[in-house]
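I opened my notebook to look up how this protein is put together. My entries follow the order in which I checked things.

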Amino acid sequence: MNTAMNPKYLLLLILTVLGNAVYAQGEEHHEEHHEGNHDHYEHHRNEIGIANAPVYFVNEGAVSYGLHIHFLTNIAKTKFSLGLGYERIFDEHQHNTIGLVGSYRPTDRLSFNLSPGITFEGEEASEGSFALHAETAYEFEFKNIHFGPVLELAYDLEDYHLSLGLHLGYGF
């Protein structure tokens, strides 16, 4: 297989480029807005977020529409949040995942989420399997609304999938 078309190499390239760009912008933002106070951090206490994205199933080579919803609560005076997440992929498998979400915000605009959970396919809720989602988002804020690109890598026992889409959130 041509390595330029391999999704693993594409994901690595995207993460490298996005990570470098976001880190540089985060440092500039931090210096401009928090002169001399490197411990300053502000974010909403709670967040409801939605991510819309095409989802690429690597083993199947198929693309479907995915919707991810989460609720997070910030741990007071930290850059960490905890909450619950739900993902639905609209395909013939009826892919549903529910999980706990841990989030870390190294800067005001950048977040990393890790969500272990259970995936159910079809209508048999009793046949769940382990799943793990890793997600990063870079957000722009307008009042209590934040939006921006989101990149996700998800694994379950049957397959793994990648998605690149739009995150929209409401902080309160």
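These entries go from the overall build to strand pairing and then to aromatic rings.

**Entry 1: the overall build.** I noted at the start that this is a predicted model. I looked up the elements and found one helix and nine strands. Along the sequence, the pattern reads α-β-β-β-β-β-β-β-β-β. I then checked burial: the protein has 172 residues, and 39% of them count as buried. The accessible surface comes to about 10200 Å². Carbon and sulfur atoms hold 64% of that surface. I also looked at contacts between residues at least 6 apart in sequence. Of these, 47% join residues at least 24 apart.

**Entry 2: S1 and S2.** In which sense do S1 and S2 pair? I found that they pair in the antiparallel sense, over 12 bridges. Strand S1 covers residues 46–57. I picked out Gly-49, which stands opposite His-70 in S2. Four residues lie between S1 and S2, and the two strands form a hairpin. In its turn, Gly-61 has a positive phi of about 70 degrees.

**Entry 3: S2 and S3.** I moved on to S2 and S3, which run antiparallel and are joined by 10 bridges. Asn-74 has Ser-81 in S3 as its bridge partner. S2 and S3 form a hairpin too, with five residues between them. Lys-77, in that turn, has a positive phi of about 60 degrees.

**Entry 4: aromatic rings.** How many aromatic pairs are there? I count six. I took Tyr-65 and Phe-90 to begin with. Their ring centres are 5.6 Å apart and their planes stand at 20 degrees, so the pair is stacked. Why does this pair tie together parts that are 25 residues apart in sequence? Because Tyr-65 lies in strand S2 (residues 62–74) and Phe-90 lies in strand S3 (residues 80–90). Tyr-65 is partly exposed, at 38% relative accessible area. Phe-90 is partly exposed, at 43%.

Next I checked Tyr-138 and Phe-140. Their ring centres are 5.4 Å apart and the planes are at 85 degrees, so this pair is edge-to-face. Phe-140 counts as partly exposed, at 35% relative accessibility.

**Entry 5: a cluster.** Phe-71, Tyr-170 and Phe-172 are linked into a cluster by ring pairs.

Definitions and conventions. Residues numbered from 1 in each chain as written. Predicted model: local features only at pLDDT ≥ 70, side-chain atom pairs only at ≥ 80, totals over all residues. Heavy atoms only, no water. Phe/Tyr/Trp six-rings, centres within 6.5 Å; stacked < 30°, edge-to-face > 60°. Buried < 20%, exposed > 50% of the residue type's maximum accessible area, 1.4 Å probe, protein only. Contact = heavy atoms within 4.5 Å. Areas by Shrake-Rupley, 256 points an atom, 1.4 Å probe, with all protein chains shown as cover. Pairing = 2+ DSSP bridges.
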